[in-house]
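Good morning. I will go through one structure today, starting with a term and then turning to salt bridges, a helix and a surface patch.

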Amino acid sequence: MPKKVDHEARRQEISEALWRLASTRGLDGASLRDVAAEAGISLGRLQHYFRSKDEMLLFALQRINRLAGERIRARIEALPEEPTPREVLRACLSGMLPLDEKSRVGVLVGAAYFARAVYDEPLRAEAKDGIPQLRALFAHQLRRAAERGELPLERATEDEAMLLISLVDGLSTYVLLDVHGPRTALRLLDLHLAHLFGTEGGEDAPASSGARAGAGARSGARSGAEVESGAEAGSGAGSGAGSDAAATSDERPAPPSRPGEDAAKAAGRA
């Protein structure tokens, strides 16, 4: 009896091969023949799963967005049962940074897609699709913080949310260029959140504003510890071995919704 082939699994394997190539040479430098060789299959077999390079590129982009959302959701799930808006924002924003080798490869592949998407309408539509949703969700967290007295009302706007997205994009770019390392990127993110929420010294500062400031400090200390052991690994050259795809063979069903989960999904698409 012929062996049954899991077509979706094979398409995922091909997309992972594409990511490995994209993280080292960009997308334009990865031909269908190159991807087939990287995946260990013939060109004809690859074209059985994807009729064109554009179809393969779009599938791979949609999948890496889903994986990024899952990674950020995991960071949110590690927060206390009822995370504060600041904790949700920090989990999402830090989850968008290339803090280790896996997330670095994801950001590298995303950068390769964005460079191509400038001239490719289907890719551009997919690449920018989640940004308005992400901006709205971040603005919602800012408004929640303002309602709780944790943030000046005039800072709880969609413009402020867009500045947060832009900050992470810039910090990520400079990590990829080795202008600064992952720890510095995380420190600068915390510094901005400290200014935004009216505290001093970043997430690890003493709790000068009561219990909610203490919660933010504990969150910063915990998340900093997560990065401590492997953050600087991301400052070297990107490698396909560290791709998000490497950890996806045991994908689990989505857990019940918690505060900030929608933000994680949107962050994966931004």
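A residue counts as buried when its relative accessible area is under 20%. This is a predicted model, so please keep that in mind throughout. By that cut-off Asp120 is buried, because its relative accessible area is 13%.

Asp120 forms a salt bridge with Arg116, and their closest N and O atoms are 3.9 Å apart. Salt bridges with shared partners join Asp120, Arg116, Asp54 and Asp28 into one network. In general, side chains of opposite charge can pair when their charged atoms come close.

Arg116 also meets Asp54 in a salt bridge, at 3.7 Å from N to O. Arg116 sits in helix α6 and Asp54 in helix α4, so this pair ties together parts that are 62 residues apart in sequence. Arg116 is buried, at 18% relative accessible area, while Asp54 is partly exposed, at 46%.

The structure holds 15 salt bridges.

Now, how many residues of α5 are buried? Eleven of the eleven are, so the helix is largely enclosed by the rest of the structure. The axes of α5 and α10 come within 11 Å and cross at roughly 150°. That makes α5 roughly antiparallel to α10.

Last, the surface. Tyr174, Leu177 and Val179 form a nonpolar patch there, with about 320 Å² of accessible area together. Val179 lies in the loop between α9 and α10, and Val179 is exposed, at 56%.

Key
Residues numbered from 1 in each chain as written. Predicted model: local features only at pLDDT ≥ 70, side-chain atom pairs only at ≥ 80, totals over all residues. Heavy atoms only, no water. Patch = residues over 30% accessible without salt bridge, like charges linked within 9 Å, V, L, I, M, F, W, Y side chains within 5 Å. Areas by Shrake-Rupley, 256 points an atom, 1.4 Å probe, with all protein chains shown as cover. Salt bridge = Lys/Arg side-chain N within 4 Å of Asp/Glu carboxyl O. Helix = DSSP H or I, 4+ residues; strand = E, 2+ residues; numbered from the N terminus. Buried < 20%, exposed > 50% of the residue type's maximum accessible area, 1.4 Å probe, protein only. Axes fitted to C-alpha atoms, helices over the stretch in contact; angles between N-to-C directions. Parallel < 35°, antiparallel > 145°, perpendicular 65-115°, else oblique.
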